[in-house]
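Subject: Structure handover

Hello,

Here is the structure I promised to pass on. My notes follow it.

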Amino acid sequence: DPIQVRMEVNIPIEKTLKEATLVFMIKNGQVLLARKTRHIGEGRWNGYGGGIEGAETLTQCVIRECEQETGVEISAADLEKVAEVTFHNNKSDGSKFSCLVHVYLARRWSGKPQESEEMASPTWFPLDQLPISDLMPADPIWLPLIFSGKKIVAEAHYGPFQRELLQPVAVKEVTGFN
């Protein structure tokens, strides 16, 4: 009788997201980053956020995601929108999708940030000493701008799994957001 071999292959799933939020918590000249444990940016340092659910507003999404991923509560009044970044993504199957990410800073919140299932090892980094090699490839281009007080609109073009940039990141400074 032939021997049957069952192989399990751990193939990462490429998530498709059309619109999302991202928040960076800032305190005493430092930013709180955590290592993503899954989905886009797995294994890299990032801020907190995710996709908009149902009819929630951008600020409702930021507040929900931050509470789920860190256990802290942020009020809408303490959120400052600083960027809109469109990530154009090429998937390994040849399909493409774009995701508009609304980026916020928060300088006040209640509670102590905790590790969560999706965001591990929350760590404070000085704003001028970011872990550049462990960020998403586009982040070293635009993050220092928002951390220095600028408001921006940016576009990044990624290859499969968002591991590499396919062209230079385009950044434009703006006066603000509605």
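What volume does the largest pocket have? The largest pocket has a volume of about 590 Å³. A pocket here is an open set of points on a 1 Å grid over the protein atoms alone, where a 1.4 Å probe fits, with protein on both sides within 12 Å along at least five of seven lines. Grid points are joined across faces, edges and corners, and the volume is the space filled by probe spheres set on the points.

Before the rest, two notes on the source. This is a predicted model, in which local features need pLDDT of at least 70 and side-chain atom pairs count only at pLDDT 80 or more, while totals for chains, interfaces and linings use all residues. Residues are numbered from 1 along each chain as its sequence is written, and side-chain values use heavy atoms, with hydrogens and water left out.

The pocket

The lining of the largest pocket consists of 33 residues, a lining residue being one with an atom within 4 Å of a point. Leu 17, Ala 20, Lys 36, Gly 49 and Gly 50 lie nearest the centre of the pocket. By class, the lining has 13 nonpolar, eleven polar and nine charged residues. Ala, Val, Leu, Ile, Met, Phe, Trp, Tyr, Cys and Pro count as nonpolar, Asp, Glu, Lys and Arg as charged, and the others, Gly among them, as polar.

At least two lining residues come from each of strand S1 (19-27), strand S4 (48-51), helix H1 (58-70), strand S5 (79-90), strand S6 (96-106) and helix H2 (139-147). The most come from S4, which gives four. Helices (H or I, at least four residues) and strands (E, at least two) are DSSP runs, numbered from the N terminus.

The chain

The chain has two helices and nine strands, in the order β-β-β-β-α-β-β-β-α-β-β from the N terminus on. Its radius of gyration is 17 Å, close to the 16 Å that the globule rule gives for 178 residues, so the chain is as compact as a globular protein of that length. That radius is taken over C-alpha atoms, and the globule rule is 2.2 Å times the number of residues to the power 0.38. The C-alpha trace spans about 70 × 35 × 35 Å along its principal axes. Of the 178 residues, 42% count as buried, meaning under 20% relative accessible area, with exposed over 50% and partly exposed in between (1.4 Å probe, protein chains only).

The strands around S1 and S6

S1 is mostly covered, with seven of its nine residues buried. S6 is mostly covered as well, with eight of its eleven residues buried. S1 and S6 run parallel and are joined by seven bridges; two strands pair if DSSP finds at least two bridges between them. Leu 22 stands opposite Val 103 in S6, and Val 23 has Tyr 104 in S6 as its bridge partner.

S1 also pairs with S4, in the antiparallel sense over four bridges, and here the partner of Leu 22 is Gly 49.

S5 and S6 pair in the antiparallel sense over eleven bridges, with Lys 81 opposite Tyr 104 in S6. Their hairpin has five residues between the strands, where Gly 94 takes a positive phi near 95°.

Aromatic pairs

How many aromatic pairs does the structure hold? There are five. Rings of Phe, Tyr and Trp (its six-membered ring) pair if their centres lie within 6.5 Å; planes under 30 degrees apart count as stacked, over 60 as edge-to-face and the rest as tilted.

The rings of Trp 45 and Phe 125 have centres 5.0 Å apart and planes at 75°, so this pair is edge-to-face. Trp 45 lies in strand S3 (residues 45-46) and Phe 125 in strand S7 (residues 119-126), so the pair ties together parts that are 80 residues apart in sequence. Both Trp 45 and Phe 125 are buried.

Trp 109 and Trp 124 have ring centres 6.0 Å apart and planes at 15°, so they are stacked. Trp 124, at 27% relative accessibility, counts as partly exposed. Ring pairs also link Phe 24, Trp 142 and Phe 147 into a cluster.

Regards
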